[in-house]
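The following questions and answers examine one protein model.

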Amino acid sequence: MNFPQRYVALGDSFTEGVGDWDPASPNGVRGWADRVAEQLILADPSWGYANLAIRGKKMRQILDEQIDAALALQPTVVTIYAGANDILRPRIDIDSLMAHYDDGIGRLRDAGAAVVLFTGFDAAGSAVFGKTRGRTAVYNEWVREIADKRDATIVDYWRLREFQDWGYWDVDRMHMSAAGHTLMAARVLEAMKASHRIDLPELEARPVLRRAEQLRADAQWAREYLKPWVGRRLRGVSSGDELTAKYPTPVHPDRMSVTA
């Protein structure tokens, strides 16, 4: 089916939708990008939606594997968030990496697509991932410079302080929950200056744990989520190695009638 307007989402697990678990969706996840597409389509059915993001991808993989595929779809709008998985590596040359990012964004803009970029999340509240805060701050300055140079839109994840509430995060503490993806969809649409009918989630109050209870919860999380995550990186494998893109060509997702 031909869609005069095409929204193409690029990236890693953040954009694929990990944490917003839904067995009815491709790859078992829904996510903020699907929710953004649903709202665009509800407002104007001429929109088609493709999502090329795959969990675990690093920036060079996203640029090498997804930019050309996106350009072949002649996108009207592209959202892209790349680099989070690089920042978590032991060594990274951020300046070199972001020069490649700039080139990729330039190609999208030169093709006529509007581009939406993201700054990285401020993980100050995480005992593990907070150690990368300095790297993320440098990454964010590069993103802002690229956005200025390429006339791209920014969703400033770093400054979205609502996400400091753990209610917006999945049990793995690495990915947003369904509530987080819902809130992110609203914030992306607002950055795009697009109307939406998303009802923002109301979070349930979380019980305050005693110190011993918190330590047990942290130990369980480390066993169930952190250790396997570290193990995959040591082995050079990714949870997305066997996966393909959710929506490789523009479609109207099956869930497009959902408004929240």
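Q: Which residue is the bridge partner of Val8 in β3?
A: Strands count as paired if DSSP finds at least two bridges between them, and strands themselves are DSSP runs (E, at least two residues), numbered from the N terminus. β1 and strand β3 (residues 77–81) pair in the parallel sense over 5 bridges. Within β3, Val8 has as its bridge partner Val78.

Q: Which residue is the bridge partner of Val8 in β2?
A: The model is a predicted one, in which local features need pLDDT of at least 70, side-chain atom pairs count only at pLDDT 80 or more, and totals for chains, interfaces and linings use all residues. Residues are numbered from 1 along each chain as its sequence is written, and side-chain values use heavy atoms, with hydrogens and water left out. Strand β2 (residues 47–51) is joined to β1 by 5 bridges in the parallel sense. In β2, Val8 is bridged to Ala50.

Q: How many residues of strand β1 are buried?
A: Buried means under 20% relative accessible area, exposed over 50%, and partly exposed in between (1.4 Å probe, protein chains only). Strand β1 spans residues 5–11 and is mostly covered. The number of its 7 residues that are buried is 6.

Q: Is Asn140 buried or exposed?
A: Asn140 belongs to helix α6 (residues 133–150); helices are DSSP runs of H or I with at least four residues. Leaving aside residues up to four places away in sequence, Asn140 touches Thr119, Gly120 and Trp158, where contact means heavy atoms within 4.5 Å. Because its relative accessibility is 2%, Asn140 counts as buried.

Q: How are α3 and α5 oriented to each other?
A: Helix α3 (residues 59–72) packs against helix α5 (residues 94–110) with the axes 11 Å apart and at an angle of about 5°. The axes are lines fitted to C-alpha atoms over the stretch in contact, and angles run from 0 to 180 degrees between N-to-C directions. Angles under 35 degrees count as roughly parallel, over 145 as roughly antiparallel, 65 to 115 as roughly perpendicular and the rest as oblique. The two helices α3 and α5 are therefore roughly parallel.

Q: What percentage of the residues of the protein count as buried?
A: The secondary structure comprises 8 helices and 6 strands. From the N terminus, the elements follow the order β-α-α-β-α-β-α-α-β-α-β-α-α-β. Of the 260 residues in the protein, the share that counts as buried is 49%.
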